Amino acid sequence: MRRPAPPETSLKSSSPNLTRRGFSIACATALLGACTSTPTKNGNETPGQTPTNPNSASSAAATPARAPRIGLALGGGAARGFAHIGVIKALEARGIHVDLVCGTSAGSVVGALYASGMNGIAINKLALTMDQASISDWALPFRSRGLLQGVALQNYVNATVGNRQIEKLAKPFGIVATDLHTGQPILFQRGNTGIAVRASCSVPSIFEPVSIGGHEYVDGGLVSPVPASFARKMGADFVIAVDISSRPEGAPTQSSFDVLMQTFTIMGERIKTYELEKYADFVIRPSLAAMGGSDFGQRNAAILAGEEAVAKAFPDLERKLAASHAAPAAA
């Protein structure tokens, strides 16, 4: 059988012990995320404004200010990634049009569905009927570098987006992964959508590294827990970042999976803080303190938490968006 063509990379940057069934569920949640950069350059430039005659004040006044191009940066966090769906639903309900999407790990899964043209309600319905066992594929023991292969996730994503390449999706979409051998972030914007999402979700030791174009890639959360910088470099004027990560304090560490997730949290805390402060215009943080990374059964609660977070923060978001829209005219 022919292997699917690997995604082309458009840019780089310098910048258990559980029962088999229980562990399968815990590992499957890593499809939705785990996990953490320096920005990269790409070819998606922000469209220019309509030129006006600089000598004509009336012409300048008649030209409306261009609305800011909104980018949505979706972070990683295992099963907590279901909260992204609630955020998308709530933004749509309030008339917020997202122009481009960038995702890490859990965010890459939800982001791929959203970028494909599905709305929040459709993604919600899909999430509530998803069978985690159908996207878990155990690797051969002692012959691999991960417990799960990730091919089932790859196939699921491709089937759901209609087997379209990244660049053929309805919205511009970027997927962040980590080069295993250099530690550098990579932003996939072209090629096989499922393979790129699989790479972004490949939590070390849980999933096998993904080979693409002669390089091996693992979870994007190692280098960019919430990819605000990449959304900016994709051309966003206004970046809405969704942080679903947990705080290190008080996180569960009873199982091997919990320990792994806690390790990611600790490593990514400082990177995440820097990236959000520098590149995000607005950060949405759903209240998920009672939800662990392996709480796959709490998907509906996570979705509701995402909706509630937007409802609470919307007055501030609306104010900042209005200021961003007015800024070009004031200049």
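This is a predicted model: local features need pLDDT of at least 70, side-chain atom pairs count only at pLDDT 80 or more; totals for chains, interfaces and linings use all residues.

Helix α6 spans residues 151-160 and helix α7 residues 193-200; they pack at about 135°, with axes 8 Å apart. The crossing of α6 past α7 is right-handed. On the α6 side the contact is made by V151, L153, Q154, V157 and N158, which meet T193, G194, I195, V197 and R198 of α7. By class, this contact has 5 nonpolar, 4 polar and 1 charged residues.

The pair α3 and α4 is likewise described as oblique, and α3 passes α4 in a right-handed crossing. From α3 (residues 83-93), the residues H84, I85, I88 and E92 meet A106, G107, V110 and Y114 in α4. That contact divides into 5 nonpolar, 2 polar and 1 charged residues.

| Helix pair | Axis angle | Axis distance |
|---|---|---|
| α6 and α7 | about 135° | 8 Å |
| α3 and α4 | roughly 40° | within 10 Å |

The largest cavity holds about 60 Å³ of space. Of the 10 residues lining this cavity, I85, L113, I123, A127 and M130 are the closest to its centre. Two elements, α4 (106-115) and α5 (120-129), each give two or more residues to the lining. What is the class make-up of the lining of the largest cavity? The lining has 10 nonpolar residues, no polar and no charged.

Key: Residues are numbered from 1 along each chain as its sequence is written. Side-chain values use heavy atoms; hydrogens and water are left out. Axes are lines fitted to C-alpha atoms, for helices over the stretch in contact, and angles run from 0 to 180 degrees between N-to-C directions. Helices (H or I, at least four residues) and strands (E, at least two) are DSSP runs, numbered from the N terminus. A crossing is left-handed if the near helix is turned anticlockwise from the far one by less than a right angle, and right-handed if clockwise. Contact means heavy atoms within 4.5 Å. Ala, Val, Leu, Ile, Met, Phe, Trp, Tyr, Cys and Pro count as nonpolar, Asp, Glu, Lys and Arg as charged, and the others, Gly among them, as polar. On a 1 Å grid over the protein atoms alone, a cavity is a set of points where a 1.4 Å probe fits but cannot get out, and a pocket is an open set with protein on both sides within 12 Å along at least five of seven lines; lining residues have an atom within 4 Å of a point. Grid points are joined across faces, edges and corners, and a volume is the space filled by probe spheres set on the points. Angles under 35 degrees count as roughly parallel, over 145 as roughly antiparallel, 65 to 115 as roughly perpendicular and the rest as oblique.
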